[in-house]
Amino acid sequence: DVATVDNNGQVKIKAVGETTIKATWAGNADYCANEASYTLTVLPKTYTITVANNISNGSVSADKSSAVEGATIKLTATPNTGYKLGTWNVKDASNNPVSVNENGEFTMPASNVTVSATFVSLPKLATPSNLSATEINPTSATLSWTKVDNKKEYKVTITDDYDYTETFTVTDETKSVSSLSPNTTYYWTVKAIGDGTSYSDS
């Protein structure tokens, strides 16, 4: 039952849902007997989801700002450059931990919750060294550097003194560039990228 009514007409809520309550008035010398029906809808209680504002080295968002008990909440972590998600930290109003699965989801308890996370530094690969530019022509050049162990790929970025910037992804320790402008000074950097959890300085 959603609700019950006692002999004094007091309504007691028992569960979430919808029910119809019928009220009856007995007739007397002044009033006619009558009755009326009312629809009572009891909505589930919602609880708030608050993201902590003191998170360092990244940000966190939740797909809902409030939810009922039992709802699935999806969290998203966005690390700053050079960091990755370490651990989730979700607490209820009594500071009890709420479990978050490997997909960043948790089941809403019957309580307000606060969401936080820690972000940890990515391990660094060695910085590419012995950068060299050879076969230099007015509009092209070949760039090379020393191999970095455990790399997956390299990001090569070329700029000039104006607004030209271009980034290339390569897997070898060399990159031929063309379509350069004559009589222009170019600058370039190379960064080693690992398996998604590691990188190097440029």
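## The largest pocket

The lining of the largest pocket consists of 11 nonpolar residues, 5 polar ones and no charged ones. In this count Ala, Val, Leu, Ile, Met, Phe, Trp, Tyr, Cys and Pro are nonpolar, Asp, Glu, Lys and Arg are charged, and the others, Gly among them, are polar. A pocket is an open set of points on a 1 Å grid over the protein atoms alone, where a 1.4 Å probe fits and protein lies on both sides within 12 Å along at least five of seven lines; lining residues have an atom within 4 Å of a point.

The space in this pocket amounts to about 230 Å³, a volume being the space filled by probe spheres set on the points, which are joined across faces, edges and corners. Among its 16 lining residues, I136, A141, L180, T184 and Y186 are the closest to the centre. Strands β13 (141-144) and β17 (186-193) each contribute at least two residues to the lining; strands are DSSP runs of E with at least two residues, numbered from the N terminus.

## Basis of the model

The model is predicted, and local features need pLDDT of at least 70, side-chain atom pairs count only at pLDDT 80 or more, and totals for chains, interfaces and linings use all residues. Residues are numbered from 1 along each chain as its sequence is written, and side-chain values use heavy atoms, with hydrogens and water left out.

## The four-stranded sheet

An open sheet of 4 strands runs in the order β7-β5-β11-β9, with mixed pairing; two strands pair if DSSP finds at least two bridges between them. Because β7 (66-68) and β9 (83-92) are the edge strands, each with a single partner, one side of each has no neighbour in the sheet.

Strands β9 and β11 (residues 113-121) are paired in the antiparallel sense over 9 bridges. Within this region, T87 has T118 of β11 as its bridge partner.

## The three-stranded sheet

Another open sheet has 3 strands in the order β6-β8-β10, and its pairing is antiparallel. Strands β6 and β8 are joined over 5 bridges, and V60 stands opposite A77 in β8.

## The largest nonpolar core

The largest nonpolar core holds 17 residues, of which I49, I73, V90, F106, M108, V113 and V115 touch the most other members. Such a core is a set of buried Ala, Val, Leu, Ile, Met, Phe, Trp, Tyr and Cys residues joined through side-chain atoms within 4.5 Å, where buried means under 20% relative accessible area with a 1.4 Å probe, protein chains only. Strands β5 (46-51), β8 (72-79) and β11 each give two or more residues to this core, and β11 gives the most, with 4 residues.

Notes:
Buried < 20%, exposed > 50% of the residue type's maximum accessible area, 1.4 Å probe, protein only.
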